[in-house]
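Student: Could you take me through a close look at one part of this protein? I would like to understand the nonpolar patch on its surface.

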Amino acid sequence: MLPVVLGDLLGSLDIDNMDDTGMYVWAAVLTIAGLAASWGIAIAWQRWRAARKEE
(Lines give C-alpha, C1' and ligand atoms only; values in the text may rest on other atoms or scores of the structure.)
Protein backbone atom coordinates (compact mmCIF):
# COMPACT_ATOMS: atom_id res chain seq x y z
CA MET A 1 0.00 0.00 0.00
CA LEU A 2 2.73 2.48 0.97
CA PRO A 3 4.74 2.07 -2.27
CA VAL A 4 1.56 2.73 -4.27
CA VAL A 5 0.84 5.92 -2.33
CA LEU A 6 4.45 7.11 -2.72
CA GLY A 7 4.36 6.28 -6.42
CA ASP A 8 1.19 8.31 -6.87
CA LEU A 9 2.66 11.22 -4.93
CA LEU A 10 5.91 11.20 -6.90
CA GLY A 11 3.94 10.97 -10.15
CA SER A 12 1.92 14.03 -9.19
CA LEU A 13 5.17 16.01 -8.68
CA ASP A 14 6.18 15.55 -12.31
CA ILE A 15 6.12 18.96 -13.99
CA ASP A 16 4.44 17.67 -17.16
CA ASN A 17 1.73 15.69 -15.30
CA MET A 18 1.18 17.83 -12.19
CA ASP A 19 -2.19 17.84 -10.47
CA ASP A 20 -3.49 19.74 -7.44
CA THR A 21 -1.64 17.49 -4.99
CA GLY A 22 1.64 18.13 -6.76
CA MET A 23 1.08 21.89 -6.67
CA TYR A 24 0.39 21.81 -2.93
CA VAL A 25 3.44 19.64 -2.25
CA TRP A 26 5.71 21.89 -4.32
CA ALA A 27 4.28 24.96 -2.56
CA ALA A 28 5.03 23.38 0.82
CA VAL A 29 8.56 22.39 -0.21
CA LEU A 30 9.35 25.86 -1.54
CA THR A 31 7.84 27.52 1.54
CA ILE A 32 9.93 25.39 3.91
CA ALA A 33 13.07 26.03 1.84
CA GLY A 34 12.39 29.79 1.88
CA LEU A 35 11.84 29.80 5.64
CA ALA A 36 15.03 27.81 6.21
CA ALA A 37 17.04 30.21 4.04
CA SER A 38 15.57 33.24 5.82
CA TRP A 39 16.32 31.71 9.20
CA GLY A 40 19.92 31.02 8.14
CA ILE A 41 20.39 34.58 6.91
CA ALA A 42 18.95 35.99 10.16
CA ILE A 43 21.28 33.86 12.30
CA ALA A 44 24.31 34.78 10.19
CA TRP A 45 23.41 38.47 10.38
CA GLN A 46 23.03 38.32 14.18
CA ARG A 47 26.42 36.63 14.54
CA TRP A 48 28.02 39.19 12.21
CA ARG A 49 26.55 42.09 14.21
CA ALA A 50 27.63 40.54 17.53
CA ALA A 51 31.16 40.01 16.23
CA ARG A 52 31.25 43.61 14.95
CA LYS A 53 30.16 44.99 18.34
CA GLU A 54 32.98 43.10 20.10
CA GLU A 55 35.63 44.81 18.00
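Tutor: Happy to! Let's begin with what a patch is: its members are residues with over 30% relative accessible area and no salt bridge, and nonpolar side chains are joined within 5 Å. Please keep in mind that this is a predicted model.

Now to the patch itself. I15, M18, M23, W26, V29 and L30 make up this nonpolar surface patch, and together they have about 580 Å² of accessible area. For the setting, the protein as a whole exposes about 5000 Å², with 68% of that supplied by carbon and sulfur atoms. Buried residues account for 5% of the 55 residues.

Let's pick out one member, L30. You will find L30 in helix α2, which covers residues 20-54; the protein has two helices and zero strands. L30 has 58% relative accessibility, so it counts as exposed, because the cut-off for exposed is over 50%.

Patch members need over 30%. One more detail about V25: its C-alpha atom is separated by 9.1 Å from that of S12, and these two residues are 13 residues apart along the chain.

Key:
Residues are numbered from 1 along each chain as its sequence is written. This is a predicted model: local features need pLDDT of at least 70, side-chain atom pairs count only at pLDDT 80 or more; totals for chains, interfaces and linings use all residues. Side-chain values use heavy atoms; hydrogens and water are left out. Patches are made of residues with over 30% relative accessible area and no salt bridge: like charges are joined within 9 Å, nonpolar side chains (Val, Leu, Ile, Met, Phe, Trp, Tyr) within 5 Å. Accessible areas come from the Shrake-Rupley method with a 1.4 Å probe; for residues, only the protein chains shown count as cover. A salt bridge is a side-chain nitrogen of Lys or Arg within 4 Å of a carboxyl oxygen of Asp or Glu. Helices (H or I, at least four residues) and strands (E, at least two) are DSSP runs, numbered from the N terminus. Buried means under 20% relative accessible area, exposed over 50%, partly exposed in between (1.4 Å probe, protein chains only).
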